[in-house]
Amino acid sequence: MISDFGEDGSRGAAIAIYSAVFAFLHAGNQGVSFMGIVNILLAGVLLALEYERFQRLWFPIGVHFAWHIPPAPLLGFPASGCVPWPSLVPVSGRASGAPH
């Protein structure tokens, strides 16, 4: 994938392109915001660097899977493209800094 861009120093461009495509594919998700797209773009960079490190897709796929499973189905929080549903693990409380 990324290594197919060649050995002429274009890996940075490949990572930027793949990260932009990754963010674009998530842009249509329900409830997405500008900051959400920025975070997804940065996540694309992280996933590409993970691929570069291991030269296998297992690690970035595992990270992507782990990114979605704990917040959405387990805790009931929204995640990119996942509409929250009742939590499998009861979570209560308030965010720090929230008004009393």
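Me: Which residue forms a salt bridge with Arg11?
Reply: In this predicted model, the partner of Arg11 is Glu52, and the closest N and O atoms are 3.6 Å apart.

Me: Where do Glu52 and Arg11 sit in the chain?
Reply: Glu52 belongs to helix α2 (residues 34-54) and Arg11 to helix α1, so the pair links distant parts of the chain, 41 residues apart.

Me: How many salt bridges does the count come to?
Reply: The count comes to 1 salt bridge.

Me: Is Arg11 buried, exposed or partly exposed?
Reply: Arg11 has a relative accessible area of 27% and is partly exposed. That class lies between the limits of 20% for buried and 50% for exposed.

Me: Changing topic to the fold: how many helices and strands are there?
Reply: The chain has 4 helices and 0 strands. Read from the N terminus, the order of the elements is α-α-α-α.

Me: What share of the contacts comes from residues 24 or more positions apart?
Reply: Among contacts in the chain with a separation of 6 or more, such residues account for 30%.

Me: And what percentage of the residues is buried?
Reply: Of the 100 residues in the chain, 23% are buried.

Me: What does the accessible surface of the chain come to?
Reply: The accessible surface is about 6,900 Å², and carbon and sulfur atoms hold 70% of that area.

Me: Which residues form the nonpolar patch on the surface?
Reply: The patch consists of Ile17, Val21, Phe24 and Leu25, which together have about 430 Å² of accessible area.

Me: Where is Leu25, and why does it count as exposed?
Reply: Leu25 is located in helix α1 (residues 11-26). Its relative accessibility is 61%, so Leu25 counts as exposed, the limit for that class being over 50%.

Me: On to the aromatics: how many pairs does a search of the whole structure find?
Reply: The search finds 3 aromatic pairs. In one of them, the ring centres of Phe54 and Trp58 are 5.4 Å apart with the planes at 50°, so this pair is tilted.

Me: Why is the pair of Phe54 and Phe59 classed as it is?
Reply: The planes of Phe54 and Phe59 stand at 45°, so the pair is tilted, and the ring centres are 4.8 Å apart.

Me: Which residues form the aromatic cluster?
Reply: Phe54, Trp58 and Phe59 make up one cluster.

Me: How accessible is Phe54, and what about Trp58 and Phe59?
Reply: Phe54 is partly exposed at 30% relative accessible area. Phe59, with a relative accessibility of 28%, is also partly exposed. Trp58 counts as exposed, with 55% relative accessibility.

Me: What lies over the face of Phe54?
Reply: Arg53 does, at 4.9 Å from the centre of the Phe54 ring.

Me: What is its phi, and how accessible is the residue?
Reply: Gln55 is not a glycine, yet its phi is positive, at about 55°. With a relative accessible area of 34%, Gln55 is partly exposed.

Notes: Residues numbered from 1 in each chain as written. Predicted model: local features only at pLDDT ≥ 70, side-chain atom pairs only at ≥ 80, totals over all residues. Heavy atoms only, no water. Phe/Tyr/Trp six-rings, centres within 6.5 Å; stacked < 30°, edge-to-face > 60°. Buried < 20%, exposed > 50% of the residue type's maximum accessible area, 1.4 Å probe, protein only. Lys NZ or Arg CZ within 6 Å of the ring centre and 35° of its normal. Patch = residues over 30% accessible without salt bridge, like charges linked within 9 Å, V, L, I, M, F, W, Y side chains within 5 Å. Areas by Shrake-Rupley, 256 points an atom, 1.4 Å probe, with all protein chains shown as cover. Salt bridge = Lys/Arg side-chain N within 4 Å of Asp/Glu carboxyl O. Helix = DSSP H or I, 4+ residues; strand = E, 2+ residues; numbered from the N terminus. Contact = heavy atoms within 4.5 Å.
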